[in-house]
Amino acid sequence: LAAPSAVDLTAEPGMARLVPDDFPETAVWGYGGTVPGPTIRVRQGETISRRFLNRLPQPSTVHWHGVRIDNAMDGVPDLTQSPVASGEAFHYDFRAPDAGTYWYHPHNRSWEQMARGLSGALIVEEPEGAPEVDLDEVLLIDDWRLTDTAQIAQDFDNMHDWAHLGRVGNWITVNGSGRWRKAVERNARLRLRLVNTANARIFELNTPGLEGWVVALDGMPLETPRPLGGLVLAPAQRADLIVDVVAEDSSEALLTSRDRDGEYKIATFVVEGESRPERMSSPDPLPANPVAALGRLDDARKVDLTMEGGAMGGMRGAMMGGRMMGMREMARAGKVWAFNGRADMPADPLVAADRGETIRIAMVNDTGWPHAMHLHGHHFRQIGAGGAPGPLRDTLLVEPGDTAEIAFVADNPGDWLLHCHMLEHSAGGMMTWLRVT
Ligand code: C2O
Ligand code: CU
Ligand code: CU
C-alpha cells in the first residue's frame, strides 16, 4: 500500500456519529475516514494537488463536480482514467478557473460509495469582490438509509429503487450531523453554501427566520441576486445564499424541507444576542466567472436527448451491447433506463463538437420521474420559452413530461459525461457523453 504523504486524500472506512443519543456510531466510508470529507478551500486560479489513496475494498476515483477541469483530471473510469484499484493511488492536479461552491465525490459505483458517505466540499474563493458576511458556512445536506441500529442499509443494488426515484433514505444530515446547530446573532449576515449530496432526494427548502438572496447556483454567480423564496435543490445542485438573521433574540431560525416526507427541520440557527441594530443593505452580485458567452442560438448545433424507462414508463426495451433487449432482460443486467433508446454507455459520443461551437440539447423527459441532468466540464444555460437564456448551471432538474433545452459553448477539450445525478438512474442507463476537440 502506498505510504501517506502530506497532501493525501484518502478514501477509507471510518465511524461517524450521524444519529445522536442512544444510537451507536455508523460505519461509513469517508475521505480521511470522515463524513463529509475535508473541505478543500483555495483561491480562484490556484492549483489543487491531492494524491488520492484508495483504502476502500473496491476501485474508486475522485470527480471534482462543477469544476471546468482538465479532462484527464475529471475522474471518470474508462472515459478519462482507469479506476484506482484498492491500495493504489492517483495524483489529481488541476487549476480551479472559477470561484464558487463545488464538491468532490467518487465516480465508480457512486450509488454505493456515496450512499456510504464519500463526498466533500471544494470551495474556490473570490480573490476580491466577495460579499461582507459575519459567517461563511458550507452545508452539505445528505440523505442516508439507516437500519434501526443506525447502520447503512446494504441494499445498494435494489432494482425497486433503481426503477423509481432512486435511493431515498430515512435520515437527513448536515455536515454529517442529524442535529446540526449553530449560534448566530440577530441581524448577522450569513453566506450559506448549500450542497445536495444525496443519491436521489430533492429538497424543497425554506428558511423561516432567515431572509435574503440567492447569489449563485451550482457555483456560478447570478447576474442579479434573486430574493430567496422556496428553493428546490436536486441531487448535486448547489446554491449560495446571502441571508440575514431576522428571527428574534433567544429564538431559532431554521433550514427546513417540505418534500415527499412532509415538512422537517434540516438545520437550526440558535439566535443569541444582536450583531447590529438593523439589517445590512442588499448585497452586490458576486464577480462573474470567465465562462464563454453563448454564440447565436439560431446557428447552434441542435441535439435531441430523450429519456425513457423506469417503473410506470412506456418503454418496452432498449439497445444494449448492439442488440435490442426487453425490460426484463435489461433489469437482469441492471439497466432500467435509456437515453435515445440505449441503456448502456454508447461507444460514440452524443455529439462531437469543435471548441468554440455553441451546442443546444433538447432534453425530453418521457418518463414518470424527475431527472437531475448533469454535464461534466461545462456550465450551460436553460433556454426559456421565449428563447431567453437562464443562469449558468451544471445540473438541471427536468420534471416528468417536460422538455428542457440547454445551450453551452463547447470550450473544454476532451470527453465529458452527460448523465442523471440520481445515482441509481445513471447506473441504470442514463449516461452518455460528448466529445470536444
Ligand atoms: Cu457529480 Cu458525473 O457527477
Ligand atoms: Cu460532475
Ligand atoms: Cu434520473
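Domain bounds, as I use them this morning, come from an automatic or database domain assignment, and with that understood I can say that, for this protein, the assignment gives domain 1 as residues 8–125, domain 2 as residues 135–274 and domain 3 as residues 297–436. Please keep in mind throughout that what we are looking at is a predicted model.

Let me begin with domains 1 and 3, whose C-alpha centres lie 24 Å apart. Their contact takes eleven residues from domain 1 and 13 residues from domain 3, and on the side of domain 1 that touches domain 3 the residues divide into five nonpolar, four polar and two charged.

The UniProt record, an unreviewed entry, lists "domain: Plastocyanin-like" for residues 19–128, 138–245 and 334–436. Taking two of those spans in turn, residues 138–245 are 5% helix and 52% strand, with end C-alpha atoms 17 Å apart, while residues 334–436 are 5% helix and 52% strand, with end C-alpha atoms 30 Å apart.

As for the overall form, the protein has four helices and 32 strands, and its C-alpha atoms fill a box of roughly 70 × 55 × 45 Å along the principal axes.

Turning to one sheet in particular, I would point you to an open sheet of six strands, in the order E23-E20-E25-E30-E27-E28, where the pairing is mixed. Strand E23, residues 337–339, and strand E28, residues 389–393, stand at the edges with a single partner strand each, so one side of each is left without a neighbour in the sheet. From one strand to the next, the twist averages 25 degrees. Within this sheet, strand E27, residues 380–383, pairs with strand E30, residues 403–410, in the antiparallel sense over three bridges, and the bridge partner of Ile-383 in E30 is Glu-405.

How values were computed:
Residues numbered from 1 in each chain as written. Chains lettered and ligands numbered in written order. Predicted model: local features only at pLDDT ≥ 70, side-chain atom pairs only at ≥ 80, totals over all residues. Contact = placed C-beta atoms within 7 Å. Nonpolar A, V, L, I, M, F, W, Y, C, P; charged D, E, K, R; others polar. UniProt positions renumbered as here; feature names shortened; annotations may be inferred. Helix = DSSP H or I, 4+ residues; strand = E, 2+ residues; numbered from the N terminus. Pairing = 2+ DSSP bridges. Axes fitted to C-alpha atoms, helices over the stretch in contact; angles between N-to-C directions.
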